[in-house]
Amino acid sequence: THAQEERQLIMASLSTTSPLVRVCVYWAFAGVVFVCYVLTAVAVTSTIARSDGERYSTVECPGSRRALRKECRDFLDNFTSAASDFTHCMMSTVKPTCFCEFCYEEYKDVTGIYGSLKHSPQCKETLLAGDFTQAIQELYNFVTTTWTTRAHCRNCFKPHSDNITEEASQFYELVLLLDNCFNMSKAENLSVCDVCKKNYTSLVSYYNDKFGRDPSRVCADISDHMNFTVSEWETHHCHGISNQITAVVLISAVVLILTVGFYVSVYCCHVRQQKILRDRRSPSVSRSREGTPHGRDKQATGSETPILDQDAKSQSLN
């Protein structure tokens, strides 16, 4: 074909040239191919980056830059970034829950930016009351409700301080001791139930003593750590009787004893009542027997005897 003929002519012309020229031509051709490859890769990468940027960047509604001042736009961007950091931190420390301790800085950022926004006369009305969805207020309510109402994170820290309480610190130390015991027992193929029983009992006793009075107000980090520890203890098939099981057993025993006692007392009362009825019926039975013909014959016989005795006495007197 025509293409094959041209290729043969090119190869023939190259064969007639010097080796140095052929090397230069080869390198020039490889350089052109490499440059084309680099330009293609850069174009593809820039296209992907542009599409991702357009997808995840702040959506620019018509007139948005004109509607918001720069100060308000900065408030919005900072608050969005802080809320996103808090959400990411919370989801990263969800099992076992420890976001009260590790996400405190993110929570302070959200509340700090929102507080500054509340005291900004230029942006307060625009961002907090200027839209129908109330997105900023709803997002702030989610963060504060999760922190204070659902997780009770404030109970992990000292009043007016960023440091955790002494009770929480001691609890974490006991948890760490128990975790070390678990790891050591597994590494040495020892019985977790036997080796770590003392540590587990100490942790449970400390939790019941310090936090068991009002479990609904316990910090989420502590309560979730305790639940996770109990679940892990049960996975090792350590069947220790807990206080709840003991209470159930005692209540069941008391109910059983009361039930048996009730029926025994009813039976005894029934037997006694039958005996009393039999005793009351005995005189009436005797009186009913006197009213029978055999009883009247006996009475008649008894009444005639004195009459015979009186006739016998009169005859003896005559």
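Are Cys89 and Cys103 buried or exposed? Both Cys89 and Cys103 are buried, where buried denotes a relative accessible area under 20%, exposed one over 50%, and partly exposed the range in between (1.4 Å probe, protein chains only). The structure is a predicted model, in which local features need pLDDT of at least 70 and side-chain atom pairs count only at pLDDT 80 or more, while totals for chains, interfaces and linings use all residues. Residues are numbered from 1 along each chain as its sequence is written, and side-chain values use heavy atoms, with hydrogens and water left out.

Six disulfides are present in the structure, a disulfide being a pair of cysteine sulfur atoms within 2.5 Å. One of them joins Cys89 to Cys103, with an S to S distance of 1.9 Å, and the link is left-handed, with -95° about the S-S bond. Cys89 lies in helix H4 (residues 70-92) and Cys103 in the loop between helix H5 (99-102) and helix H6 (104-118), so this pair ties together parts that are 14 residues apart in sequence; helices here are DSSP runs (H or I, at least four residues), numbered from the N terminus.

A further disulfide joins Cys181 to Cys196 at an S to S distance of 2.0 Å, and it is left-handed because the torsion about the S-S bond is about -100°. Since Cys181 lies in helix H9 (residues 166-187) and Cys196 in the loop between helix H10 (192-195) and helix H11 (197-210), the pair ties together parts that are 15 residues apart in sequence. Cys181 counts as buried at 7% relative accessibility, as does Cys196 at 0%.

Cys193 and Cys238 also form a disulfide, with their sulfur atoms 1.8 Å apart, and a torsion of about -90° about the S-S bond makes this disulfide left-handed. Cys193 lies in helix H10 and Cys238 in the loop between helix H12 (220-235) and helix H13 (243-290), so that parts 45 residues apart in sequence are tied together. Both Cys193 and Cys238 are buried.

When the bonded cysteines of the chain are numbered in sequence order, the pairing reads 1-5, 2-4, 3-6, 7-11, 8-10, 9-12. Cys268 is in no disulfide, the nearest cysteine sulfur, that of Cys269, being 6.9 Å away, and Cys268 is partly exposed, with a relative accessible area of 45%. For Cys98, the closest cysteine sulfur is that of Cys103, at 7.5 Å, which is too far for a bond; Cys98 is buried, with a relative accessible area of 16%.

Key:
Helices (H or I, at least four residues) and strands (E, at least two) are DSSP runs, numbered from the N terminus.
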